[in-house]
Amino acid sequence: MANLKSYYTYIVIALALLASLPLWVGGFLRDALILFFLYLAAAEVWGFMAKHAGIVSLGQQVFMGVGGYATAVLCMYYGIPLWASVITAGLLGSGLAGVLSFPLLRLRGVYFSIGTFLAAEVIRLFFNSWEFVGAGKGLIFKGAYGISTTLIYYPALALGIVSIFSVYFLYHSKLGFGLRSIGADEDAASGLGVNTFRCKASCFILASLITSLVGAVNAIHHTYLNPTSAFSISWTVNFLFVAVIGGVGTIIGPVIGSAIFVVLGYLLSQYLGLSLLLEGLVVLAILIAIPEGVWGVISRKLKLKLKQPL
Amino acid sequence: MLEINSLNVFYGDLQVLWDISLKVDKGETATLIGSNGAGKTTLCKTIIGALPPKTGSITFMGKRIDKLSIPDIIRLGITIVPEGRRLFGNMSVRENLELGAYASETRKKIDDALEWVFNLFPVLRERQNQLAGCMSGGEQQMLAIARGLMSKPKFLILDEPSLGLAPKIVTKVYEVIERIRDEGVTVLLVEQYAGHALENSDKGFVLENGKIVIEGPSEKLLKDERVRKAYLGEE
Amino acid sequence: MDVISFVNLIFNGLLLGGLFALTAFGLSVFAGIMRVINIAHGDFAILAAYLALSTINFLKIDPFLSLLIVAPIMFVIGYLFQKFTINRVLPMGANQPVLVTFALSIVIQNLLLLLFTADARSLITPYLLTNVELFGLNPSPRYAAGFISALFVFAVIFLFFKKTYLGKAMRAVPFDSEAAKMIGIKSDVVYNYAAGLAMLVVAIAGVLLGITFTFYPDTGPMYVLLSFGVVVMGGLGSLKGSLVGGFIMGEALVLGGLFFGSRFQLMFCYLVILIILYIKPQGLFGGKV
């Protein structure tokens with residue numbers, strides 16, 4: 001905590017500034033900011049898992065979809081107040097992650113990654129045939145009508161901040177230490193007494209909690225859900241893009257990455273088909289040529305020696 | 001035949017070999033002695049082309065080889081039998097031998113090379129279709145040496161041929177090495193325990209912490225106090 | 001359902017399994033030699049199908065003949081892909097190739113979408129659409145074509161690995177690349193040819209898949225998941241294992257269709273794969289995880 005105390009004033013000022021944004025920023029920019037913080041939140045935890053714990057999830061769309069659908073269903077079918085539904089949806093999502101941990105986290109490396117993709121596909125196919133939630137036709141989230149973007153902005157901002165702090169504290173915690181040892185050499189870590197399953201599961205569940213909450217807020221923002229888009233692989237692609245382009249595993253990286261992503265998204269909104277193609281190509285180029293990402297290059301050029309995991 | 005001059009080798013920024021100079025003449029057998037971490041295998045890797053030296057030169061039969069690739073160096077006539085044998089345990093004896101000729105000209109006349117090697121090592125002819133991973137330590141060492149011979153080398157480096165083998169087997173291995181020398185191959189033996197190696201060679205070099213500290217005819221080294229204490233297991 | 005229909009179903013499941021095995025061979029070769037699971041594997045197969053489609057439309061030839069053009073193109077694509085992409089990221093850690101092949105998968109899908117639109121496509125072979133009767137059964141000619149191709153490709157690859165120098169090098173390098181290096185085998189070069197070979201096999205599988213099923217730009221992921229399942233069941237790097245795994249997968253699909261309906265057969269297959277991963281991650285017949 002010592003290193004944070006000195007920056008307390010700056011952090012408080014920054015937070016106050018961010019919190020006041022909706023007051024003096026137009027509707028169009030508010031949408032952009034919501035996207036920015038939502039993608040930031042999801043990408044931060046994805047990047048942490050990938051870089052430090054060594055687990056690359058290709059199935060984050062599961063939590064986006066479950067978070068969204070759970071919120072809509074709880075709110076509309078069971079009459080639970082909107083924001084309580086959001087929290088519950090988050091918990092349900094992390095519960096699902098807990099269940100999935102058992103088959104998936106015993107798998108190593110790419111086997112785990114494909115396992116997450118498999119699980120996501122199974123759940124997508126299931127929702128596609130589940131009449132209760134409208135199957136392929138989807139669900140119109142009437143309960144979210146009339147929620148202003150200002151009201152959505154604050155949860156998004158909160159998620160972004162919570163995600164960043166989670167990553168920071170997780171990194172410096174005992175759990176984080178265990179995770180990093182697993183990411184470095186899982187066999188050695190387990191030989192030293194680290195409970196690899198419990199560590200990985202905790203991380204996975206935490207990441208899924210945040211991602212599910214992102215999915216919930218996203219559903220309120222868009223007011224319409226269908227399995228194809230809610231469980232689309234493009235969620236993972238986008239999170240991956242934000243994390244990799246910024247600098248996977250860093251905290252500031254995804255901030256830059258999300259900004260780039262949102263800006264590019266608006267620039268390319270005319271050419272819908274191109275955006276995923278471009279994302280893929282850019283990610284490829286970065287992975288091969290500049291694996292440390294934009295932030296990595298900047299901090300190297302400026303010879304910044306920041307404390308990890310910034 | 002092989003001449004090394006003022007060789008300096010680094011792993012990244014870490015220097016591991018300092019100013020190495022040595023010569024091995026055609027037909028000779030030389031021994032390189034050193035304990036673990038002295039740099040023996042590093043030197044072998046540098047000769048064979050796996051590690052480029054920072055400064056210095058390696059000349060083989062008059063030609064500079066320190067900037068050449070491994071396949072090129074093998075084609076010129078230098079082959080290494082790696083430390084720990086490093087056979088392909090998932091493949092048969094015969095396949096391991098065939099791969100020994102992969103980088104050299106003998107690939108085209110593989111049957112002749114196989115005949116020659118089977119004559120030198122009859123046990124391998126018997127076991128040619130057996131999986132390399134299923135043989136005893138001594139047999140594996142024979143196979144490793146045989147694989148090295150498949151490229152018909154003029155200069156053969158044997159990195160710790162007696163490692164992990166029972167004394168009786170070591171004697172057999174050295175009998176084989178003698179026969180290889182009779183065939184006209186120049187041999188560089190690299191060993192930690194120097195007894196057999198020095199008894200079977202013409203000259204020796206002692207490598208300590210990346211530097212050559214003693215060199216001379218093997219007979220002299222066998223009698224040298226320092227060598228006896230450190231490398232011949234005497235008190 | 002009567003006995004004859006059931007036996008017919010099982011028989012066709014076996015034939016279909018051959019096609020799945022063929023599709024998985026490419027993944028198995030790639031993973032067995034480079035130790036990388038190519039997440040874009042299915043997308044490369046679909047790419048081959050689209051290449052075949054273009055060739056057929058341009059030259060008006062039979063789909064099988066189009067392989068004469070598509071296969072070499074895919075070989076070169078594989079070679080270059082390995083050389084400029086995978087070889088570069090292999091030293092960067094075990095997860096880098098995962099990210100790279102995933103990104104490539106997205107690129108291929110969206111490129112195909114851009115070039116060919118999202119319309120359903122198929123490679124037409126009228127002579128394989130006829131009804132065949134054999135000992136009272138009705139084997140699907142297209143499934144049979146896939147099955148026969150699988151056996152043929154299996155035999156050729158098997159002989160290649162057993163008899164040729166390059167094939168033996170491809171078996172030696174993953175076992176001990178340091179040792180291979182010491183005896184003059186350049187693993188990078190071996191990998192390039194291995195990737196080319198894998199893509200060649202993928203091309204054959206892709207064309208046969210295009211003949212047997214309709215395809216879209218985003219059909220790729222389904223095939224990589226199924227191929228992954230086949231490879232996991234059979235054990236990584238084992239061709240024989242992939243054959244057996246393929247047969248099991250084929251049966252799983254047809255039986256899944258029988259018991260749960262066509263809407264759920266794919267989901268059923270995925271669940272089977274997940275269950276096998278849970279019980280025996282190293283595959284039903286062993287192999288390296």
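Guide: The account below takes chain C as its subject and ends with the chains around it.

This is a predicted model, in which local features require pLDDT of at least 70 and side-chain atom pairs count only at pLDDT 80 or more, while totals for chains, interfaces and linings use all residues. Residues are numbered from 1 along each chain as its sequence is written, and chains are lettered from A and ligands numbered from 1 in the order in which they are written.

Chain C has 11 helices and 0 strands, where helices (H or I, at least four residues) and strands (E, at least two) are DSSP runs numbered from the N terminus. Its order of elements from the N terminus is accordingly α-α-α-α-α-α-α-α-α-α-α. The radius of gyration of chain C is 19 Å, close to the 19 Å that the globule rule gives for 289 residues, so chain C is as compact as a globular protein of that length. That radius is taken over C-alpha atoms, and the rule is 2.2 Å times the number of residues to the power 0.38. Along the principal axes, the C-alpha trace of chain C spans about 60 × 45 × 35 Å.

Of the 289 residues in chain C, 54% are buried. Here a residue is buried if 20 or more other C-beta atoms lie within 10 Å of its own, exposed if 12 or fewer, and partly exposed in between, with C-beta atoms placed from the backbone. A contact requires the C-beta atoms of two residues, placed from the backbone, to lie within 7 Å.

Within chain C, helix α2 (residues 41-59) packs against helix α9 (residues 220-234), their axes coming within 6 Å and crossing at roughly 125°. Axes are lines fitted to C-alpha atoms, for helices over the stretch in contact, and angles run from 0 to 180 degrees between N-to-C directions. The crossing of α2(C) with α9(C) is right-handed, a term for the near helix being turned clockwise from the far one by less than a right angle, with left-handed for anticlockwise. From α2(C), the residues C:H41, C:G42, C:D43, C:A45 and C:I46 meet C:G220, C:P221, C:M222, C:Y223, C:V224 and C:S227 of α9(C). These residues divide into 6 nonpolar, 4 polar and 1 charged, given that Ala, Val, Leu, Ile, Met, Phe, Trp, Tyr, Cys and Pro count as nonpolar, Asp, Glu, Lys and Arg as charged, and the others, Gly among them, as polar.

Helix α2(C) also packs against α3(C), at an angle of about 125° with the axes 9 Å apart. This arrangement makes α2(C) oblique to α3(C), and the crossing is right-handed. The contact joins C:A48, C:L51, C:A52, C:T55 and C:I56 of α2(C) to C:P63, C:S66, C:I69, C:V70, C:I73 and C:M74 of α3(C). By class, this contact has 9 nonpolar, 2 polar and no charged residues.

Turning to the neighbours, 2 pairs of chains touch, and the pair of chains A and C has the most contacts. Chain C gives 33 residues to that contact and chain A gives 35. On the side of chain C, the elements that give two or more residues are α3 (63-89), α4 (96-116), α9 and α11 (265-279). The largest share, 13 residues, comes from α4(C). That side of chain C comprises 27 nonpolar, 4 polar and 2 charged residues.

The contact of chain C with chain B takes 15 residues from chain C and 19 residues from chain B. On the side of chain B, α2 (70-76) and α3 (93-100) are the elements that give two or more residues, and α3(B) gives the most, with 4 residues. That side divides into 12 nonpolar, 3 polar and 4 charged residues. Chain B itself has 10 helices and 10 strands, and 45% of its 235 residues count as buried. Chains A and B do not touch, their nearest C-alpha atoms being 20 Å apart.

Key: Angles under 35 degrees count as roughly parallel, over 145 as roughly antiparallel, 65 to 115 as roughly perpendicular and the rest as oblique.
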